[in-house]
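Q: I am new to this structure. Please take a close look at one part of its surface, and then go on from there to other parts.

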Amino acid sequence: FVQKGGALIDIDPRPYQAQLLQAEGALERDTNVLAQAQMDLDRYRAAWAGNGISKQLLDDQEKIVLQDKGTVKNDQGTVNYDQAQLSYCHITAPISGQAGLRLVDPGNVVQAAGTTVLVVITQEQPITVVFTLAEDSLGQVQTRMRQMHTLPVDAWDRSQTAKIASGKMFSIDNQIDTTTGTVKMRALFDNKNGALFPNQFVNTRLLVNTLKG
């Protein structure tokens, strides 16, 4: 069982660290180039104020400063991108759940555009159960859902002799399957004791109404 944010897999970060180092070097270099161009611009402005240079030299230097600012901004974007690429080398769990058997081993090569699955995490707490309802019964269920907003659902084993867990109606599909005349529904279970397991077959009992007296 892994918690959300827990470490799962580390990919060799050295190529991405080298790219980030190059990008940071370019940013540092161009930042200093910009600083030098800005100092020259300040000198040119002082010289222009004293009629020591032509207006053309001052205008050219102002454009050089703007060009260097664009270069620095571009370098900063490259650094940010390389930092993001490096962060992907440390893969963490996006959700809390049960991790399946690992599908890669240390030393295997994985690619960003590849189809290799590294590991599958299945959420179990809470867990949902999908079941079907005959379309003839849909009307009374919808009416009751509008009144109660949710309905109790019990999950039973395959032989319908032992109740596994109790939950609540979560949602109803937006269309009826014309091949079976049924509509899919989803129920939510806390599953604190882990009694329900992913892809497990269960029978469901949906309590729509209670006739009193």
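A: A patch is built from residues with over 30% relative accessible area and no salt bridge, joining like charges within 9 Å and nonpolar side chains (Val, Leu, Ile, Met, Phe, Trp, Tyr) within 5 Å. Areas come from the Shrake-Rupley method with a 1.4 Å probe, and for residues only the protein chains shown count as cover. The model is predicted, so local features need pLDDT of at least 70 and side-chain atom pairs pLDDT 80 or more, while totals for chains, interfaces and linings use all residues. Residues are numbered from 1 along each chain as its sequence is written, and side-chain values use heavy atoms, without hydrogens and water.

Leu103, Val117 and Val120 make a nonpolar surface patch of about 250 Å². Leu103 sits in the loop between strand 3 (98–99) and strand 4 (121–122); helices (H or I, at least four residues) and strands (E, at least two) are DSSP runs numbered from the N terminus.

Arg102 and Asp105 form a salt bridge with the closest N and O atoms 3.0 Å apart, the term meaning a side-chain nitrogen of Lys or Arg within 4 Å of a carboxyl oxygen of Asp or Glu. Arg102 is exposed at 57% relative accessible area, and Asp105 is partly exposed at 43% (buried is under 20%, exposed over 50%, partly exposed in between, with a 1.4 Å probe and protein chains only). The whole structure has 6 salt bridges. Another of them joins Lys55 and Asp59, at 2.6 Å between the closest N and O atoms. Lys55 and Asp59 both lie in helix 2 (residues 55–87), 4 residues apart, about one turn of the helix.

Next comes the loop between strand 4 and strand 5, where Pro126 is found. Pro126 is partly exposed, at 31% relative accessibility. Apart from neighbours within four places in sequence, Pro126 is in contact (heavy atoms within 4.5 Å) with Leu188, Phe189 and Asp190. The C-alpha atoms of Pro126 and His149 are 19 Å apart.

Within helix 3 (residues 138–148), Leu138, Val141 and Met145 are buried. The buried residues of helix 3 line one face, because they fall within an arc of 65 degrees seen down its axis (the arc of directions from the helix axis to the C-beta atoms). They pack against strand 5 (127–134), strand 7 (163–172), strand 8 (182–189) and strand 9 (203–206).
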